[in-house]
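This report covers strand pairing and charged side-chain contacts. The sequence and the structure come first.

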Amino acid sequence: MTKDNLLALLSRHIGAENGISAHNIAGQLDVPERRVRQMVTELREDGVAVCGTPHVGYFIAATAEELEATCQFLRSRSLHTLHLESRMRNLPLPDLIGQLKLNT
């Protein structure tokens, strides 16, 4: 199964009110849920506005606000992950980020 199959399925799920769970997508495409998440990532890397949260499911953004909400959700998750890493390394988050040498 390819990301094109997922995109075709998601094209019938435009807007948050039409979100579909990873579990339901996996069943329809006959792939594991992990593969669904991988294909979502691939579509996002291609610039497709695949939105979603665990409570809503996946969908294609119908509005700029839906896209922004998903971007904020993803940013929050990534910052939480960096916070966990900083705690594990016993480093303040700004020091960890500095060590990552992020391009700004």
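## Strand pairing

In this predicted model, where local features need pLDDT of at least 70, side-chain atom pairs count only at pLDDT 80 or more, and totals for chains, interfaces and linings use all residues, residues are numbered from 1 along each chain as its sequence is written. Side-chain values use heavy atoms, with hydrogens and water left out.

Strand S1 covers residues 50-53 and strand S2 covers residues 57-60; the two pair in the antiparallel sense through four bridges. Pairing requires that DSSP find at least two bridges between the strands. Strands (E, at least two residues) and helices (H or I, at least four) are DSSP runs, numbered from the N terminus.

A hairpin of three residues connects S1 to S2. Across the pair, Val-50 has Ile-60 of S2 as its bridge partner, and Gly-52 lies opposite Tyr-58 in S2.

## Faces of S2

In a regular strand, side chains alternate between the two faces of the sheet. On one side of S2 are Gly-57 and Phe-59, on the other Tyr-58 and Ile-60, and all are buried, so both faces are covered. Buried here means under 20% relative accessible area, exposed means over 50%, and partly exposed lies in between (1.4 Å probe, protein chains only).

## Salt bridges

How many salt bridges does the structure hold? There are three, each defined as a side-chain nitrogen of Lys or Arg within 4 Å of a carboxyl oxygen of Asp or Glu. Side chains of opposite charge can pair when their charged atoms come close.

One of them joins Lys-3 and Asp-46, with an N to O distance of 2.4 Å. This pair links distant parts of the chain, 43 residues apart: Lys-3 belongs to helix H1 (residues 3-10), while Asp-46 sits in the loop between helix H3 (33-45) and S1. Lys-3 is partly exposed at 25% relative accessibility, and Asp-46 is partly exposed at 48%.

Arg-35 and Glu-42 form another salt bridge, their closest N and O atoms being 3.2 Å apart. Arg-35 has 23% relative accessibility and counts as partly exposed; Glu-42, with a relative accessible area of 26%, is also partly exposed. In a further salt bridge, the side chains of Glu-85 and Arg-89 meet at 2.8 Å, N to O. Glu-85 is partly exposed, at 24% relative accessibility.
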